[in-house]
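Here is a short briefing to read beside the model. Keep the sequence and the 3D view open.

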Amino acid sequence: MAWVLGSAFYGIYFIVSFPMYVRLDEDVKRRHTAFDALIESLASGMAVLFLLDFVRVAMGQDMTFTLNRPCKLDPLKTCPPFAGMRC
């Protein structure tokens, strides 16, 4: 299951980034500047972020994490490696 999900999420990167690279590499009629490359790379990164988040929401995955260390929940407690020190 992890391989399938990992491959699907990696495919999202390919779906978004491949058209951007083809556009930069194959369009000989238009001269691309470094600013164009920067804007397109930022745009493709944001599109990947949105697609990954949409897939996460569609899968029903929650973004909450439980903390297993009590010192992170209560700053008055200390963790064993940091005995005597506050977290």
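What covers the buried residues of α2? The cover includes α1 (2–26). This is a predicted model: local features need pLDDT of at least 70, side-chain atom pairs count only at pLDDT 80 or more, and totals for chains, interfaces and linings use all residues. Residues are numbered from 1 along each chain as its sequence is written, and side-chain values use heavy atoms, with hydrogens and water left out.

**Helix α2**

- Helix α2 takes in residues 34–59. Helices here are DSSP runs (H or I, at least four residues), numbered from the N terminus.
- The 26 residues of α2 should span 38 Å at 1.5 Å a residue. The end C-alpha atoms of α2 are 37 Å apart, which agrees. The expected span is 1.5 Å times one less than the number of residues.
- G60 follows α2 and has a positive phi, near 85°.

**Buried side of α2**

- D36, E40, S44, V48, L52 and R56 are the buried residues of α2. Buried means under 20% relative accessible area, exposed means over 50%, and partly exposed lies in between (1.4 Å probe, protein chains only).
- S44 has a relative accessible area of 12%, so S44 is buried.
- S44 is in contact with V16 and M20, leaving aside neighbours within four places in sequence. Contact means heavy atoms within 4.5 Å.

**Y13 and its contacts**

- Y13 lies in helix α1. Y13 counts as partly exposed because its relative accessibility is 42%.
- Y13 touches V48 and L52, not counting residues up to four places away in sequence.
- The C-alpha atoms of Y13 and L51 are separated by 9.0 Å. These two residues are 38 residues apart along the chain.

**Salt bridge**

- The whole structure has one salt bridge. The term means a side-chain nitrogen of Lys or Arg within 4 Å of a carboxyl oxygen of Asp or Glu.
- R56 pairs with D53 in a salt bridge, with the closest N and O atoms 2.9 Å apart.
- R56 and D53 are three residues apart in helix α2, so about one helical turn separates them.
- R56 is among the buried residues of α2. D53 is partly exposed, with a relative accessible area of 34%.

**Aromatic pairs**

- The structure holds two aromatic pairs. Rings of Phe, Tyr and Trp (its six-membered ring) pair if their centres lie within 6.5 Å; planes under 30 degrees apart count as stacked, over 60 as edge-to-face and the rest as tilted.
- F14 and F18 form a stacked pair, 5.2 Å centre to centre, with 25° between the planes. Both residues lie in helix α1, four residues apart, about one turn of the helix.
- F50 and F54 have ring centres 6.3 Å apart and planes at 20°, so this pair is stacked. F50 and F54 are four residues apart in helix α2, so about one helical turn separates them.
- F18 is partly exposed at 44% relative accessibility. F50 is partly exposed at 44%. F54 is exposed, with a relative accessible area of 54%.

**Nonpolar surface patch**

- M46, L49, F50, L51 and F54 make a nonpolar surface patch of about 490 Å². Patches are made of residues with over 30% relative accessible area and no salt bridge: like charges are joined within 9 Å, nonpolar side chains (Val, Leu, Ile, Met, Phe, Trp, Tyr) within 5 Å.
- M46 lies in helix α2. M46 is partly exposed, with a relative accessible area of 41%.

How values were computed. Helix = DSSP H or I, 4+ residues; strand = E, 2+ residues; numbered from the N terminus. Areas by Shrake-Rupley, 256 points an atom, 1.4 Å probe, with all protein chains shown as cover.
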